[in-house]
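Me: Please take one part of this structure and go through it closely. I would like to know what it touches and how it lies against its surroundings.

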Amino acid sequence: MRRIAALLGKELADVRGNPALFVPAIITGIISIVMPFIIAVAIPYFSGERLSDSSDFRIAAEVYRDQPAMRALNPEAAIQALIFQQFLILLVLTPVAGAMSVAAYAVVGEKQARTLEPLLATPITTFELLTAKVLGALIPGIALVTICFALYAGGTALLAEPGVSRTLFVPRALLTIFLLGPLAALAALQLAVCVSSRVNDARSAQQIGALIILPISGLLVAQFTNNVQLTSRVILLISAGLATLNIALMAVGVRLFDRESILTRWK
């Protein structure tokens, strides 16, 4: 544990020294926060038409009326709550983007900086090395999504109808942000780390890690088309699948991370 902690401290220090890695994640977070406010607040305000005037929105909002936090809301607030809850899945992309950007450079960057060889010559195990690199990318991503969620909730308290912000603290919403998001980010960054141990181009690792974005985008589309309702049960089932995938990816990563191959083949 001491060696992992020491390596983790080094990884976090490297991240602090290269803040540009988080530009994609910050942009993703801003878009994720702004889009629902445009749809739920700005467009109705400037058009003069309330969301509750739309029969489609009213029907969709009824699906979520079984939530205790939704029952006391007026029709306009209920529709706003629906929009803000559904867009939470978009916030999941924030830690994914952040973790992926860092992880893609976790191995490639060290190789290019000529700091990987001395590290591999130490007695640390491959598991310890990968664990530190994975946590070094995951922790900043989780911190960033926590900040984004705080801004998201604060914005709804200021700009949305009364009571809407409370619906962001129901179990399904919190599970989406603080369980599904980190597990998805963990899967993405482990894919990136696995690939980065075999290539000398960080962009190749990022492209592979980006594959995790496709199913998340699919969930967002499925929600808006009412084909899927992300209940707490569904989120827990998806999270269990991601947890299993992460265990498998760690095992694969340890097997792929051939120290001698990396030292001799990377040019």
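Reply: Contact here means heavy atoms within 4.5 Å. This is a predicted model, so local features need pLDDT of at least 70 and side-chain atom pairs 80 or more, while totals for chains, interfaces and linings use all residues. Residues are numbered from 1 along each chain, and side-chain values use heavy atoms, without hydrogens and water.

The protein has 14 helices and 0 strands (DSSP runs numbered from the N terminus: H or I of at least four residues, E of at least two). Of its 267 residues, 50% are buried (under 20% relative accessible area with a 1.4 Å probe, protein chains only; exposed is over 50%, partly exposed in between). Among contacts between residues at least 6 apart in sequence, 82% join residues at least 24 apart.

The part to follow is helix α2, residues 23-47. Start with its partner α9, residues 126-159. The two axes are 10 Å apart, and the helices pack at about 20° (axes are lines fitted to C-alpha atoms over the stretch in contact, with angles from 0 to 180 degrees between N-to-C directions). The pair is therefore roughly parallel (under 35 degrees; over 145 is roughly antiparallel, 65 to 115 roughly perpendicular, the rest oblique). On the α2 side, the residues that meet α9 are A25, I26, G29, S32, I33, P36, F37 and V41. From α9 come L144, C148, L151, Y152, G155, T156 and L159. By class, the contact of α2 with α9 has 11 nonpolar, 4 polar and no charged residues (Ala, Val, Leu, Ile, Met, Phe, Trp, Tyr, Cys and Pro are nonpolar; Asp, Glu, Lys and Arg charged; the others, Gly among them, polar).

The spacing of such a list has a simple background: an α-helix has 3.6 residues a turn, so residues three or four places apart point the same way.

Now take α2 with α5. Their axes come within 9 Å and cross at roughly 170°, which makes α2 roughly antiparallel to α5. P36, F37, I39, A40 and V41 of α2 make this contact with Q80, I83 and F84 of α5. By class, it holds 7 nonpolar, 1 polar and no charged residues.

Helix α5 spans residues 75-86 and includes E76. Is E76 buried or exposed? Its relative accessibility is 4%, so E76 counts as buried. Beyond neighbours within four places in sequence, E76 touches R50, L51, S52 and E161.

Helix α7, residues 93-112, contains A97. With neighbours within four places in sequence set aside, A97 is in contact with P24, A25 and T28. The C-alpha atoms of A97 and A25 are separated by 4.8 Å, although the two residues are 72 apart along the chain. A97 has 10% relative accessibility and therefore counts as buried.

Finally, α9 has another partner. Helix α1, residues 2-16, packs against α9 at about 45°, with the axes 8 Å apart. That makes α1 oblique to α9. Among the residues that meet are I4, L7 and L8 in α1 and L129, A132 and L135 in α9. By class, this contact has 10 nonpolar, 2 polar and 4 charged residues.
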